[in-house]
Every structure is written in structure tokens, then in C-alpha cells.
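Subject: Structure handover and findings

Hello,

Here is the structure we talked about. Please open it next to this email and follow along.

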Amino acid sequence: MENRTISINNKIISYKIAGEGECVILLHGFGEDSNVWQDQAYFLKSNYTVIMPDVPGSGYSELTDDVSMEAIAAVVKEILDSEDIEKVVLIGHSMGGYATLAFAEKYSEMLKGFGLFHSLATADNDEKKIVRRKGIDFIKKYGAKTFLEMQPGNLFAEQTRDNNPSVINQFLKSYQPFSNKSLIEYYEAMIARPDRTHVLKDSKVPVLFVAGEKDAIIPMDAVVKQIPLVSISNVHILSNSGHMGMLEEPNEANKAIEDFLLQVNGYTAAI
Ligand code: MLT
């Protein structure tokens, strides 16, 4: 796995790249960085080129002036241009999924398929916006570190918290520290993002949905309601996962992504 950087408006944008073959981009969510996809990268790299960007303000990427979903999509486009890659599969976790939809809206010709991993195409409702505003006030008062340390209760299924605390400890330890500003800007950007269900309805390429049965942030039922909007879908329910299926059930998550890549790249899985 190699770390590479590009510069956008004099800010360093970092990404990891591994493997060879057709390209899949794995885009992390809020309060994470590219490390969240480590298991998937090791699994996929023997057959695919896997690119895992650090969203601006996360990991080793500097915060840029704009972290709207459209701007994050534009960062992904710049990375692809710098690697001379014209066609990809893009899979985003949660906030990364919102940016994936913005990418699909603007650069649909570059996509062979895209995936919403614990993510949705609808915008925040008023209730969600109020929760985010409270989160912003909390971060301003107590700081990003304290805020993130309180998240595992929401992020992980009870089963993971009880039986696999090392996954959670590792999760909390493995990220570069976040600035208050980065987290606040992500929240503002998520509040401002529009509904993109039309992207699902208009998609001419296969769409992957991965949902966690115990997800308290993106409820499985809400994901399931979006599936009929899409003409070619690939659906995986992770029955023992909350919001972090790539860590809570890594083998199942790997298989879900591989299955989708086989579908998109037109192979038939060996029986
Ligand atoms: C994420 O995991 O990216 C966020 O929890 C998404 C959200 O809050 O909507």
C-alpha cells in the first residue's frame, strides 16, 4: 500500500493506493480516514487497484476551503485525473456515500457502478439538522477529540461493543487527530447537502447498497426503501453490524464489495 499526494489550491490531498486491475475507490465517512478500509484493501488488492482518499481535513489531507459533497467529489475527480484513470467504481461510507452521489451526479460518465455503504440519497430532515447543530455546539465547547470518543455507542452494534471491544479501541486509535474546524465543516456540509434520490433513479449503472441491520445512524429500513428507485441494484444486509460494517463484519463486507465488482466488471463469480 502506497501513500500518494496531490496538491489542490496549495493544499495537500493524500490517498492510499494498492493493487492492480480495474479501479475501485473507497471513500471514508465522517470522523474517519482512509485507514477504515484497510481490511477491504488487503482483500481486494490482488485483483483490483484500490484507491482510498483521505477527505480534505481527515487523515493526512489538509482541510480545504470547501468540503461540500460536491467539493469532495471534485477531489476524487482530481485524484483520478492524476492517476490517468477514466472509469471507476466508487463506493462511499455514509458521508462518503453522500459525496459519491455528488460524484455520480456530475461525473456519471466515469462510473461503472457506485455504492452506498451505510448511506442514503435523501437530505437531512429538520430533526437531523437539529441533532447536527447540537453536535456543532458540543464540538465548540468540548473539542473534536471528546466528541469522537463519545461516538462508538452510536456507531457500533451492541454485539460489537460487548464481544469485540478491540475493534472499537483500534478504531479510536487509528486516526490522525481531527481539528474542531474539520468536523464542524463536515456537519455544515451534510446539513446543506441536497436530496439526491434523482441520482439513484437516473443511474444507468449498477448501484450497491450495504446496510447494517443494527445501524443507529442510517437505519436499514431507510436504505431498503431506496432500493426500488434503482434499476440495477446489488444489496447486502450485514446482520451483525451497526454503522461500521467494514470493521464489524469485515469478511462479509469484503464479499459484498467483491460481489459487486464482479457484477460491474461483467464476470461471473466462480461457483
Ligand atoms: C458518517 O458516518 O459519515 C456520518 O455519521 C454520516 C451522517 O451523520 O449522516
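Helices (H or I, at least four residues) and strands (E, at least two) are DSSP runs, numbered from the N terminus. With that in hand, Ser94 sits in the loop between β5 and α3. This is a predicted model, so local features need pLDDT of at least 70 and side-chain atom pairs count only at pLDDT 80 or more, while totals for chains, interfaces and linings use all residues. Residues are numbered from 1 along each chain as its sequence is written, and side-chain values use heavy atoms, with hydrogens and water left out.

Start with β5, residues 88–93. Six of its six residues are buried. Buried means under 20% relative accessible area, exposed means over 50%, and partly exposed lies in between (1.4 Å probe, protein chains only). Both faces of β5 are covered. Val88, Leu90 and Gly92 are on one side. Val89, Ile91 and His93 are on the other.

β5 pairs with β3 (residues 22–27) in the parallel sense, over four bridges. Two strands pair if DSSP finds at least two bridges between them. Val24 has Val89 of β5 as its bridge partner. β5 is also joined to β6 (residues 111–117) by six bridges, and these two run parallel. Here Val89 has Gly113 of β6 as its bridge partner.

A crossover is right-handed if, with the strands pointing away from the viewer, the path from the first strand over the helix to the second runs clockwise.

Ser94 counts as buried, at 7% relative accessibility. Asp84 also has a positive phi, near 60 degrees, and is not a glycine. Asp84 is in the loop between α2 (69–82) and β5. For background, most residues other than glycine have a negative phi.

**The ligand**

Which residues are around the ligand? They are Gly29, Phe30, Ser94, Met95, Tyr98, Arg132, Met190, Ile217 and His243. The cut-off for being near is a heavy atom of the residue within 4 Å.

- Met95: a polar backbone atom is 2.8 Å from an oxygen atom of the ligand.
- Tyr98: a polar side-chain atom is 2.6 Å from an oxygen atom of the ligand.
- Arg132: a polar side-chain atom is 2.7 Å from an oxygen atom of the ligand.

Taken alone, the ligand exposes 270 Å², and the protein buries 95% of that. Accessible areas come from the Shrake-Rupley method with a 1.4 Å probe; for residues, only the protein chains shown count as cover.

Next is β7, residues 207–212. Six of its six residues are buried. Val207, Phe209 and Ala211 point one way, and Leu208, Val210 and Gly212 point the other way.

β7 pairs with β6 over four bridges, in the parallel sense. Gly115 stands opposite Leu208 of β7. Six bridges join β7 to β8 (residues 233–238), and the two run parallel. Ala211 has Ile237 of β8 as its bridge partner. The chain crosses from β7 to β8 through helix α11 (residues 220–226), and this β-α-β crossover is right-handed.

His118 is in the loop between β6 and α4 (126–142). How accessible is His118, and is it buried or exposed? His118 is buried, with a relative accessible area of 0%. Its side chain reaches the backbone nitrogen of Gly212 at 3.3 Å. Beyond its neighbours within four places in sequence, His118 is in contact (heavy atoms within 4.5 Å) with residues including His93, Ser94, Asp215 and His243.

Asn265 lies in the segment after α13 (250–264). Asn265 is buried, at a relative accessible area of 17%. Neighbours within four places aside, Asn265 is in contact with Glu22, Tyr48 and Lys112.

Best wishes

How values were computed. A polar contact is a pair of N or O atoms within 3.5 Å; within protein, one must be able to donate a hydrogen and the other to accept it, and residues adjacent in sequence count only if both atoms are side-chain atoms.
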